[in-house]
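I want to jot down what I looked up here, one entry at a time.

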Amino acid sequence: MAELFRMTAAEIAAAVRGGGASAAEVTEAHLARIEQVDPQVRAFLHVAADRAREAARAVDQRRAAGEPLGPLAGVPLALKDVFTTKDMPTTCGSAILNGWLPPYDATITRRLREAGVVILGKTNMDEFAMGSSTENSAFGPSHNPWDLSRVPGGSSGGSSAAVAAYEAPLGVGTDTGGSIRQPGAVCGVVGVKPTYGGNSRYGVVAFASSLDTPGPLARTVLDAALLHEVMSGHDPCDATSIDAPVPPVVAAARHADVSGMTIGVVPEFTGEGFQPGVLARFTEAVELLESLGAKVTEVSCPHFTYALPAYYLIAPSEASSNLARFDGMRYGLRVGDDGTRSAEEVMALTRAQGFGAEVKRRIMLGTYALSSGYYDAYYGKAQQVRTLITRDFEAAFDRVDVLVSPTTPTTAFPLGERVDDPMAMYLADLCTIPSDLAGNAALSVPCGLSPDDGLPVGLQIMAPVLADDRMYRVGAAVEAALDTSRGHPLLNDAKGLA
Amino acid sequence: MPSAMGRGGGVGASTTLVGYDEAVSRYDPLIGLETHVELGTRTKLFCGCPATFGGEPNTHVCPVCLGLPGSLPVPSRTAIEYTIRIGLALNCSIAEWCRFARKNYFYPDMPKNFQISQYDEPLCTDGWLDVVLDESEAGADGGPRMFRVGIERVHLEEDTGKSQHLGGATGRIHGADYSLVDYNRAGIPLVEIVTKPVEGTGSLAPAVAHAYVRELRDLLRSLGVSDVRMEEGSLRSDVNTSLSPRGSGRWGTRTETKNVNSLRSVERAVHYEIERQAAVLDAGERVIQETRHFHEDSGITTAGRSKEEAQDYRYFPEPDLVPLAPPRDWVEQIRAALPELPSARRARLQEAWGITAAEMINIRNAGALDLVEQTIAAGASPADARKWWLNELARRANDTGAELASLPITPADVAAIAALVQSGALNDNLARQAIEGVLAGEGTPDEVVAARGLAVVSDDTALAAAVDEAIAAHPDVADKIRAGKVAAAGALVGAVMRATRGQADASRVRELILARLTDS
């Protein structure tokens, strides 16, 4: 058997079920790996070793008692620090929530526990999920396992780095503008944004409510699908949760066959501003799909070019309201409460000290966009653009089964390169934002290494609302062909870790 | 919000008012009311916490109503149903599609620093409520005067928590040593009912405001959607008032008097604002658009937050909730299940009891409608039921400051006493003593009658001596009767009744006196 921490989630679950390995052993192997590499990667904000060991023991006891085990029982997982956990702190990467211990579990946290998944700890993220590099974390950035001097993407960069560094076979993130797919792409792992409403937001500390979508990160398409099925499904505690069956994503991930499918290339996302090596790998991936029997056609989505500006009005608007509750009155940081100041002054001091620069920037943007007299021109107009983008998708999906594009315009960029240039940082999400605005499903799968810098490139596959299974089928085909052509999984070439 | 709360009295506290009659002779008042009603649902609007009043502070709370990070609202179907019920009873259109919106502002008793409310897409719009003014404001035909108040909108929102400012002298945030917040109330469903501007009331503006809130209260009670206790704050009214020069047809600048918590106060607040604003306008100044606070003790209003430095609430559609689209068949089911509304019930009973509209208004104003109806159901005649409740019992309730309905006497007791009078076993005087006994906890009417030995004396031999004594004591009266002035007999009847401590049958006494003194 391979080193336990190098096994996929599917392999671990099978071993635990079959008695080839205990959940306790698997957990110890991953805790040891974290101890070994996390001082360099810094994927975790909090490692819950004892709680993980307890969860693993419980799985082993259930197996010993002859109880049936779920498809991911005993598999370790890295949970983004935006999900509430009643036995671990939840900070959202922010000083304002430093030390907050929620009194309740998020629905997804609870579902993971009930499935016997072993939560190793909470992973780093851009503060309140605002960013594309984890550099906006109040607790310092995480590092890309391919090159420790580069970013792991964001905002779910802690989870993507943990998965890429073999600290956990599975990670959970949230995607608001690309925060799962972009870090997945630049870390060379699979990142999935399911259909909006397919995964519960209850207990996910909100950034932008109409966009936030929890989803899986994994090293294989099948592992992502297994996690997707465990996480998903209707939640009566979330009014925006869709009451419909979960699309058959695991079956689709096992059906790596694109023959007869029609695949649309979005020309708006292949032109200027894209790194040549990224475009080269993207073009190869499209040719590969054609060679596997798919029909490829170009489908223009003219309004996608307006997605980024629309997103930077809608997401900050919602954030400005969602983040209003962090005022030092009830939980988290409180500044200036010395008996001489009014509640309003304490609120202002707390927020001034507790929020980082990017969060403040977006609160100000959103407050402005919602202001009386500006609402129609900014928030209102952005919502109209959102409708046009949704219509672009609907028209495209009338013609093709899935759309494809590069996940990101560039590979992982060096730490520090974009921290003083918000616009450059925002461009990392250029291709991922349309699916967040429209609410449809999208997946990023590695499609090789960029010839110019040797870093991983992601292929984004976009599918219609509640047709998440389609992108798994295409993703599995790309993954299989890539592994075959290289003779081993892409991640074996990650050189960042000794 | 609190920063301006300590502002001083402004015009009104310091200026001479214009007399009311004078004010309304030269200015047309325009009023409007915004009424908040806490719904009587079992749970809060967006979570499963109990929506009951009171409780130890911060015991009826959960992550949702505390607005903890990550928590999400899920709307209560019952609260939506109650709101639709109110809308239908107020003759509103029910939206086929509407949304909740966030109203953003910072205040410690708001767990999320925004309130989930409705903004430009309310659930119910464009209705009306007919209100009946009191007898004293009789209409042209001499009957009670009706007024149709237009309803602009009815919407659903969540209530806030409650702040308590401790350590200071005023109970206000300024000067307090510290503040405590109780979130038990946070998230209780609140319905806001907004009238259209009520024009053409003239001098009746305060009475219309009073009658509107009273009719609305009765309507809400009959719908079973709220217990409507004004003193516990489950119904709170804000009253907008403005004046314009008589006949100008223009609308003046309005003030909003907040949280007026009794029917009487609603009337007084409008009355005061008319006098105050007339003084401001007479002085050539302009009325400031502002929130004002009503003081129960002095009956005046004082300036609060100015609306001219208006707060920007940055309303936008609540992204945590999906749009609300009540199916038409559901709305029709709710409509079909509406109970009889107070105005229809009053019309039906007025007809059945054979009384005038003014008499009905008196019954309603005394809070005696249910009691009278139940007393009649227990066998009393409508006239008797009204007589005992509105005269004897209303007086006693008034003396002790109690609600009529809270007196320790049941409609069945009153019906039993009325029956004793009807049968001749008691006269009115004895009946009053029986009521006194029941109220004093001496037992049922029968028990009180037995224990106190209340019985009409109609035995001639027992009365004869008393009649003789009365004639002997009042020879001048006796002479008048002998001379044919039969009407003078009343004085002798009264003397006999006093002598028998009211137990005599007065009509028999009269017969005996006349038999003695006249030939007939």
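Is strand 9 of chain B mostly covered or mostly open, and how many of its residues are buried? I found strand 9 (residues 189-195) of chain B mostly covered, with five of its seven residues buried. Buried stands for 20 or more other C-beta atoms within 10 Å of a residue's own, with C-beta atoms placed from the backbone. Strands (E, at least two residues) and helices (H or I, at least four) are DSSP runs, numbered from the N terminus.

A note on the source: this is a predicted model, where local features need pLDDT of at least 70, side-chain atom pairs count only at pLDDT 80 or more, and totals for chains, interfaces and linings use all residues. Residues are numbered from 1 along each chain as its sequence is written, while chains are lettered from A and ligands numbered from 1 in the order in which they are written.

Next I looked up the partners of strand 9 of chain B. Strand 1 (residues 27-38) of chain B pairs with strand 9 in the antiparallel sense over five bridges; pairing takes at least two DSSP bridges. Here B:Val37 stands opposite B:Val191. Strand 6 (residues 146-158) of chain B also runs antiparallel to strand 9, joined by seven bridges, and B:Arg153 has B:Val194 as its bridge partner.

Then I turned to the two chains. I see 34 residues of chain A in contact with 26 residues of chain B, contact being C-beta atoms, placed from the backbone, within 7 Å. On the chain A side, helix 10 (307-322) and helix 11 (343-354) are the elements that give two or more residues.

Key
Two residues are in contact if their C-beta atoms, placed from the backbone, lie within 7 Å. A residue is buried if 20 or more other C-beta atoms lie within 10 Å of its own, exposed if 12 or fewer, and partly exposed in between; C-beta atoms are placed from the backbone.
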